[in-house]
Amino acid sequence: MPRRPWIVGVSGASGTPYAAAVLRALLAAGESVDLVVSRASRLTLLDETRIAFRDAHWRDDLREWLERGADGKPGTFTVDVEGDRVRHWSAGDLAAGPSSGSYPAKGMLIVPASTACVAGVALGLSKDLLQRSASVTLKERRPLVVAVRETPLSGVTLRQLVALDEAGAVVLPASPAFYAGATHIQDLVDFVAGRVLDAAGVPHGLYRRWKGELGGGSGADE
Ligand SMILES: Cc1cc2nc3c(=O)[nH]c(=O)nc-3n(C[C@H](O)[C@H](O)[C@H](O)COP(=O)(O)O)c2cc1C
């Protein structure tokens with residue numbers, strides 16, 4: 001089977017645990033992943049995890065990141081990032097595979113998406129590989145999921161989100177819900193990550209689905 005990855009773009013909005021949860025779940029589902037980490041997201045990653053993501057040591061840094069829980073605890077998960085199932089492209093590399101529509105890809109998930117990234121994709125700026133990959137995903141009519149994280153949202157960003165919706169993207173605010181019985185930060189993170197995977201049609205067991213009964217997620221009946 002030829003390799004057909006999901007492109008995962010991590011931009012510089014708060015929420016690197018969302019990206020980690022999506023990446024873990026894609027790999028657990030047997031999917032291939034092409035990772036693009038924006039320059040700004042290295043700051044949020046550093047701020048939120050103390051991990052300095054280095055292009056030259058990306059596999060080591062990715063493993064440390066993905067093995068960390070949303071509460072910051074190292075070694076919470078075990079994740080295999082070896083082999084060709086995971087590729088990393090530098091955000092400045094505009095000659096990278098995902099910058100062309102002829103590069104095979106299933107689609108792209110931007111998790112989390114900054115408002116700057118939303119603007120860049122809505123306007124087709126392609127200022128880096130992440131934005132270029134998103135523009136390519138739209139023009140090739142492949143699924144694009146944009147997990148925007150900002151609050152409150154300005155009218156400018158709201159209009160740009162409408163433009164992305166009209167262009168065919170799924171606009172998915174990083175907005176955790178409390179009906180799935182969350183008791184830990186990881187549960188709230190996994191809810192958002194699970195909704196991203198739902199939008200991409202990738203099976204997962206990240207959160208407890210609504211069963212049509214009030215109180216079903218509270219754990220009171222268990
Ligand atoms: C610690 C930190 C947290 C940030 N959180 C957000 C955020 O939640 N949402 C957002 O839109 N921008 C946020 N920003 C600002 C973006 O990083 C900034 O707009 C950047 O230009 C985004 O670039 P990128 O889209 O190329 O990654 C944050 C910046 C820092 C340093």
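Modeller: Two strands are taken as paired when DSSP finds at least two bridges between them. The model discussed here is predicted.

Biologist: Which residue in β3 does Val36 stand opposite?

Modeller: Strand β2 covers residues 33-37 and runs parallel to β3, with 5 bridges joining the two. That count meets the requirement of at least two bridges for a pair. Within β3, the residue opposite Val36 is Trp89.

Biologist: Which strands stand at the edges, each with a single partner strand?

Modeller: The open sheet has 6 strands with parallel pairing, in the order β3-β2-β1-β4-β5-β6. The strands at the two edges have one side left without a neighbour in the sheet, because each has a single partner strand. These are β3 (86-90) and β6 (170-171).

Biologist: Which helix gives the most to the shell around the ligand?

Modeller: The ligand is surrounded by 16 residues, with Ser38 and Ala40 among the closest. Helices α2 (39-49) and α4 (115-123) each supply at least two residues of that shell. The helix that gives the most, with 5 residues, is α2.

Biologist: How many residues of the shell around the ligand are charged?

Modeller: The shell has 5 nonpolar and 8 polar residues. The number of charged residues in the shell is 3.

Biologist: Is Gly12 buried or exposed?

Modeller: Gly12 lies in the loop between β1 (6-10) and α1 (16-28), and is one of the residues closest to the ligand. Leaving aside neighbours within four places in sequence, its contacts include Ser38, Ala40 and Ser114. The threshold for burial is 20 or more other C-beta atoms within 10 Å. Gly12 has 23 of them, so this residue is buried.

Biologist: Where is Arg149 found?

Modeller: The UniProt annotation "binding site", from an unreviewed entry, covers Arg149 along with Gly12, Ala13, Ser14 and Ser38. Arg149 counts as buried because it has 20 C-beta neighbours inside 10 Å. Leaving aside neighbours within four places in sequence, Arg149 is in contact with residues including Ala13 and Ser14. Arg149 is found in the loop between β5 (144-148) and α6 (155-166).

Biologist: How many Å apart in space are Ala105 and Arg159, C-alpha to C-alpha?

Modeller: Ala105 is in the loop between β3 and β4 (107-113), and is buried, with 22 other C-beta atoms within 10 Å. Leaving aside neighbours within four places in sequence, its contacts include Arg4, Asp34 and Arg142. Ala105 and Arg159 are 54 residues apart in sequence. Their C-alpha to C-alpha separation in space is 28 Å.

Definitions and conventions. Residues are numbered from 1 along each chain as its sequence is written. This is a predicted model: local features need pLDDT of at least 70, side-chain atom pairs count only at pLDDT 80 or more; totals for chains, interfaces and linings use all residues. Helices (H or I, at least four residues) and strands (E, at least two) are DSSP runs, numbered from the N terminus. A residue is near a molecule or strand if its C-beta atom, placed from the backbone, lies within 6 Å of it. Ala, Val, Leu, Ile, Met, Phe, Trp, Tyr, Cys and Pro count as nonpolar, Asp, Glu, Lys and Arg as charged, and the others, Gly among them, as polar. A residue is buried if 20 or more other C-beta atoms lie within 10 Å of its own, exposed if 12 or fewer, and partly exposed in between; C-beta atoms are placed from the backbone. Two residues are in contact if their C-beta atoms, placed from the backbone, lie within 7 Å. UniProt positions are given in the numbering used here, feature names are shortened, and annotations may be inferred rather than shown by experiment.
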